[in-house]
Amino acid sequence: MLNILDKAKEIENYIINFRRDLHENPELSGQEFKTQKKIMKELDKLGITYKKAGNTSLIATLKGGKDGKTIALRGDIDALPIKEETDVEFKSKTSGLMHACGHDAHASMLLGAAKILSEMKDEIPGEVRFFFQEGEETFSGAKKIIEAGGMDGVDACFGMHGMPELETGYVNIEPGYRMAGCDTIYVKFEGVSGHGSVPHLAKDTIHPACTFVTDLQGIVTKNINAQEPIVISVGKFVGGTKANIVSKYTEIDISMRYFNPKVREIAHESIKRHAKAIADAYELKVDVRIEESALSLWNDEDLAALADKSSIKVFGEGKNKTLPKYMGSEDMPYYFERAKGVYAFVGYRNEAKEAIYFPHHEKYKIDEDYMKYGTALHVQFALDFLNK
């Protein structure tokens, strides 16, 4: 039987070197033009066709030698506005920008998978699409690939993220909710300004807004089923201009994370209702605007079971470890709206290499040994799904 991990080991230096090049030259979401060109150059060498999507995304297509289903594999490519504080030789050359979420590794593992699959394309039944996706950090890239037709005709999709909770050589693949959805909610109270000495002649907004902020946790505890996870956090509160002027406006920015879409609906309606009730009580106007950031990520049960079998072929028995759900968010679920999908967490932890930090940390490092596993898992799952 073909050992895909051995195939990944054969090109391990290729994957690592490409990742280091990307790490040295990070680019922000939607601005990954040089990254795109580098990936295009490699795809040209592999004879894999592609088209551009959005600002800097690529949809690459590998048609197998036999008819069959279509699977999409995704790797994100954007970096973060973080000043790198590591001691690696290939640290960022751009001050204030850093691949602190491992997307350089994700893109390189996907490219490695494309290289392996291209060498066996005649035996592949169906089609493999490779999404080199911009703007994951802004939750915008997946939508652009979908708008460009990337998911048209796709039967299943697969993605992954490196994580430090797992040692290198371990993976997490489970069915059901794995990452939270995220909304940003903007609340603006409007009253009547006036002099601080006669507040009764004005309509202050700061005190009612404070009441509303305190009241938000009552929504979590009293309106939502206690067995359903939800986080409502106020990250910004702006009101007033001067101590002796009654504040006409107070604005509040809220981040809300959830798993169950029904919980999301209840929370949205509760926030609107509570805001209006408080505004009415203090004779104010209020505007509530909800901006969707990302949907909750749900792993299809059948695909998760198949991916578990794929992981055994790559990692070995007993290497798929249970992890709690993450309250962090991803834009991968937008693909899952168009076709069933599964998302894996792949371990990169290695304390000897200081690969211990959670993504978005200025000292973020990975154990590069983990990339051969991620590459092989992409390939193995694609083959297992297409041959099923």
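In which handedness of crossing does α2 pass α4? The crossing of α2 past α4 is right-handed; a crossing is right-handed if the near helix is turned clockwise from the far one by less than a right angle, and left-handed if anticlockwise.

This report describes a predicted model, in which local features need pLDDT of at least 70 and side-chain atom pairs count only at pLDDT 80 or more, while totals for chains, interfaces and linings use all residues. Residues are numbered from 1 along each chain as its sequence is written, and side-chain values use heavy atoms, with hydrogens and water left out.

**Helix pairs**

Helices (H or I, at least four residues) and strands (E, at least two) are DSSP runs, numbered from the N terminus. Axes are lines fitted to C-alpha atoms, for helices over the stretch in contact, and angles run from 0 to 180 degrees between N-to-C directions. Contact means heavy atoms within 4.5 Å. Two helix pairs are set out below.

| Helix pair | Packing angle | Axis separation |
|---|---|---|
| α2 (residues 12-24) and α4 (residues 103-118) | about 145 degrees | 9 Å |
| α6 (residues 206-223) and α7 (residues 261-281) | about 145 degrees | 10 Å |

In the α2 and α4 pair, Y14, I15, F18, R19, L22 and H23 of α2 meet D104, A105, A107, S108, M109, L111, G112 and K115 of α4. This contact consists of 8 nonpolar, 3 polar and 3 charged residues. In this classification, Ala, Val, Leu, Ile, Met, Phe, Trp, Tyr, Cys and Pro count as nonpolar, Asp, Glu, Lys and Arg as charged, and the others, Gly among them, as polar.

Helix α6 also passes α7 in a right-handed crossing. On the α6 side, the residues in contact are P208, T211, F212, D215, L216, I219 and N223, and these meet I266, S270, I271, R273, H274, A275 and I278 in α7. The contact of α6 with α7 comprises 8 nonpolar, 4 polar and 2 charged residues.

Two strands pair if DSSP finds at least two bridges between them. Strand β8 (residues 181-190) pairs with β13 in the antiparallel sense over 9 bridges, and C182 has A294 in β13 as its bridge partner.

**The seven-stranded sheet**

Another open sheet has 7 strands in the order β1-β2-β4-β3-β5-β15-β6, with mixed pairing. Strands β1 (49-53) and β6 (171-172) are its edges; each has a single partner strand, so one side of each is left without a neighbour in the sheet. Within this sheet, β5 (residues 156-167) and β15 (residues 340-349) pair in the parallel sense over 9 bridges, and A156 stands opposite K340 in β15.

Helix α3 (residues 33-46) lies across β1, β2 (57-63) and β4 (125-133), running at about 15 degrees to β2. Helix α10 (residues 371-387) lies across β3 (66-76), β4, β5, β6 and β15, running at about 150 degrees to β3.

**Pockets**

On a 1 Å grid over the protein atoms alone, a pocket is an open set of points where a 1.4 Å probe fits, with protein on both sides within 12 Å along at least five of seven lines; lining residues have an atom within 4 Å of a point. Grid points are joined across faces, edges and corners, and a volume is the space filled by probe spheres set on the points.

The largest pocket has a volume of about 260 Å³. Its lining holds 14 residues, of which C101, M179, G328, S329 and H360 lie nearest the centre. The second largest pocket has a volume of about 220 Å³. Of its 15 lining residues, P261, L295, S296, W298 and E337 are the closest to its centre.
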